[in-house]
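Try each task before you read its solution.

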Amino acid sequence: RIEESTMSAAADGDVVLVHGDNDDVKVAASQAQDDQQQQQQQQQQQQQQSAVEQLSAEDRATMKKIKELFDMFDREGSGSVMKEEVATMMRALNAYPSEQQLVVDVLPSIMTDEDTEMVAWEAFGPYMLGVLKQGKFEPDGARVLMEAFRVLDEDGKGYLEEEELKALMVSNDYGFRQKELENMIAFARNGSDEHINYEDYILRSTT
């Protein structure tokens with residue numbers, strides 16, 4: 001094996017000259033890189049903890065709720081989620097941006113790196129807290145929903161068929177994914193048959 005001189009990054013970010021065997025050089029460089037990444041992660045955690053401590057008790061409780069949901073989607077524990085999951089997470093937190101709002105407003109605000117398809121907790125957490133505090137993307141109120149359902153219920157039956165509700169959900173501009181649609185239908189049915197009592201649905205979804 002050939003002796004050589006090469007450069008590797010030390011844990012403190014300085015560049016040091018390493019003399020020696022190729023394999024030894026690679027190990028030293030890899031260890032230095034790991035140490036630097038670990039140091040950066042520790043600094044980020046300390047900054048996050050400091051930021052959380054400055055929040056009010058109510059905001060800390062909200063952030064805890066947001067973080068618990070985020071962790072459910074962060075299956076690998078990497079501190080980030082796929083951008084495609086953002087709409088689902090926001091709807092689970094009772095925020096309903098349209099597809100256009102998601103593309104034009106939400107994603108550009110939380111995706112600082114255009115080269116990745118991932119959204120980091122450091123960006124999503126504070127952004128989502130602001131959304132909830134400002135009441136952005138709130139769903140329609142009970143009165144508006146009741147009027148909309150009554151327009152669809154032309155015969156005044158007091159309920160809709162499952163297929164009618166599905167058609168409504170896929171025809172609006174919220175861009176529901178198939179899994180979200182299935183979950184919403186299951187919630188709306190509430191264990192009943194194909195009929196969906198929309199008064200009961202509105203009561204449970206707005207309280």
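**Exercise 1: an aromatic pair**

F70 has a relative accessibility of 0%, so it counts as buried. Keep in mind that this is a predicted model.

Task: classify the ring pair of F70 and F124 as stacked, edge-to-face or tilted.

Solution. Start with the search of the whole structure, which gives 3 aromatic pairs. For F70 and F124, the ring centres are 5.8 Å apart and the planes stand at 35°, so this pair is tilted. Stacked would need planes under 30 degrees apart, and edge-to-face over 60. Finally, widen the view: ring pairs join F70, W121 and F124 in a cluster.

**Exercise 2: charges over rings**

Task: find which ring K67 lies over, and which ring K157 sits over.

Solution. K67 is found over the face of W121, 5.5 Å from the ring centre. For K157, the charged end is over the ring of Y159, at 5.4 Å from its centre.

**Exercise 3: helix 8**

Task: check the span of helix 8 (residues 178-189), then sort its faces.

Solution. With 12 residues at 1.5 Å a residue, helix 8 should span 16 Å, and its end C-alpha atoms are 16 Å apart, which agrees. Now list the buried residues of helix 8: E180, L181, M184, I185 and A188. Viewed down the helix axis, these buried residues fall within an arc of 130°, so they line one face of helix 8. On the face turned away from the buried side are the exposed residues Q178 and K179.

Key: Residues numbered from 1 in each chain as written. Predicted model: local features only at pLDDT ≥ 70, side-chain atom pairs only at ≥ 80, totals over all residues. Heavy atoms only, no water. Helix = DSSP H or I, 4+ residues; strand = E, 2+ residues; numbered from the N terminus. Expected span 1.5 Å × (residues − 1). Buried < 20%, exposed > 50% of the residue type's maximum accessible area, 1.4 Å probe, protein only. Arc of directions from axis to C-beta. Phe/Tyr/Trp six-rings, centres within 6.5 Å; stacked < 30°, edge-to-face > 60°. Lys NZ or Arg CZ within 6 Å of the ring centre and 35° of its normal.
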